[in-house]
Amino acid sequence: MLTPDELERYARHIVLREVGGPGQAALKRARVLVIGAGGLGAPVLMYLAAAGVGTLGVIDDDVVSLSNLQRQVIHATGDVGAPKVMSAAAAIARLNPHVAVDTHQMRLTAANVLDIIRQYDLVADGSDNFATRYLVSDACFLAKKPLVTAAVGTFDGTLTTIRAHESGKDGRPNPTYRCLFPEPPPAGAVPACAEAGVLGALTGVLGSMMALEVIREIVGFGAGLVGRLLMVDARAMRFETLNYAWDPGNPLSGETPTITDLSVHA
């Protein structure tokens, strides 16, 4: 049940035919894990908290630095030196006291990822490295959890939703992250944002769209991004969508899978 305060707080959601009271109640029941409290995770956490997601988990092992504040809008100058998960939890509490926050001040590994994500209904991955993205996507498949994942470059970004543990309307399995990107690029091929830079507002755009996709997955309106990769070009202000499908040769969910646990990530 929504309290009178919540009814007023979420009034603009509740009057939407696609959301309404049942949709808002579904958001209140939902448990979402956000991986990373950085450039992508910051807007994801803020908008999901504002939307009334009942429990938000946030995992990050880093502390706030001054150079983060150009894009990681959940943190403030006074938070420099504090653990990002604690800074994020404090900001969420200020924004919406109805949202519970589970903090995980640690790095995701093959040893702990399944125990963590099994506590949640859905995972939003805003990590900044390929090792974590592949670990999370494989773990979500094994744990049968939906995954919303995004990445940003200097002036570009991508977003997709993965429900590889389910089948599509045609009866074929939904694609995995490995169907889209079979292998990570060679080490050093893609420079980190500390080397190449990143446009701060771009992380806000992609993070907000991640939050929108999470809300869509919880409430169940519209057509999501399963099997579709949304690509954003901030230089040309252009949005394009690439369709992708299940690859029967992929090592995770293909016809002869070779990845059956997370030992490949150990």
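Predicted model: local features only at pLDDT ≥ 70, side-chain atom pairs only at ≥ 80, totals over all residues.
Tyr134, Tyr177 and Phe181 come together as one aromatic cluster. Two aromatic pairs occur in the structure. One of them joins Tyr134 and Tyr177, whose ring centres lie 5.1 Å apart. Their planes meet at 80°, so this pair is edge-to-face. The cut-off behind that label is an angle over 60 degrees.

Where do Tyr134 and Tyr177 sit along the chain? Tyr134 belongs to helix H7, residues 130–143. Tyr177 belongs to helix H8, residues 177–180. The pair therefore ties together parts that are 43 residues apart in sequence.

Buried here means under 20% relative accessible area.

Stay with helix H7 for a moment. Ser137 is found in this helix too. Its relative accessible area is 6%, so Ser137 is buried. Which residues does Ser137 touch, once its neighbours within four places in sequence are set aside? Ser137 is in contact with Leu147 and Tyr177.

Next, look at charges placed over rings. The charged end of Arg133 sits over the ring of Phe130, 4.9 Å from the ring centre. Another example involves Arg31 and Tyr120. Here the charged end of Arg31 sits over the Tyr120 ring, and the distance to the ring centre is 5.0 Å.

Now turn to the strands. Strand E6 covers residues 156–162, and strand E7 covers residues 228–233. How many bridges join E6 to E7? There are four, and the two strands run antiparallel. Asp156 has its bridge partner in E7, namely Asp233.

E7 also pairs with strand E8, residues 238–243. This pairing is antiparallel as well, over six bridges. Within it, Met231 stands opposite Glu240 in E8.

Terms used
Residues numbered from 1 in each chain as written. Heavy atoms only, no water. Phe/Tyr/Trp six-rings, centres within 6.5 Å; stacked < 30°, edge-to-face > 60°. Lys NZ or Arg CZ within 6 Å of the ring centre and 35° of its normal. Pairing = 2+ DSSP bridges. Buried < 20%, exposed > 50% of the residue type's maximum accessible area, 1.4 Å probe, protein only. Contact = heavy atoms within 4.5 Å.
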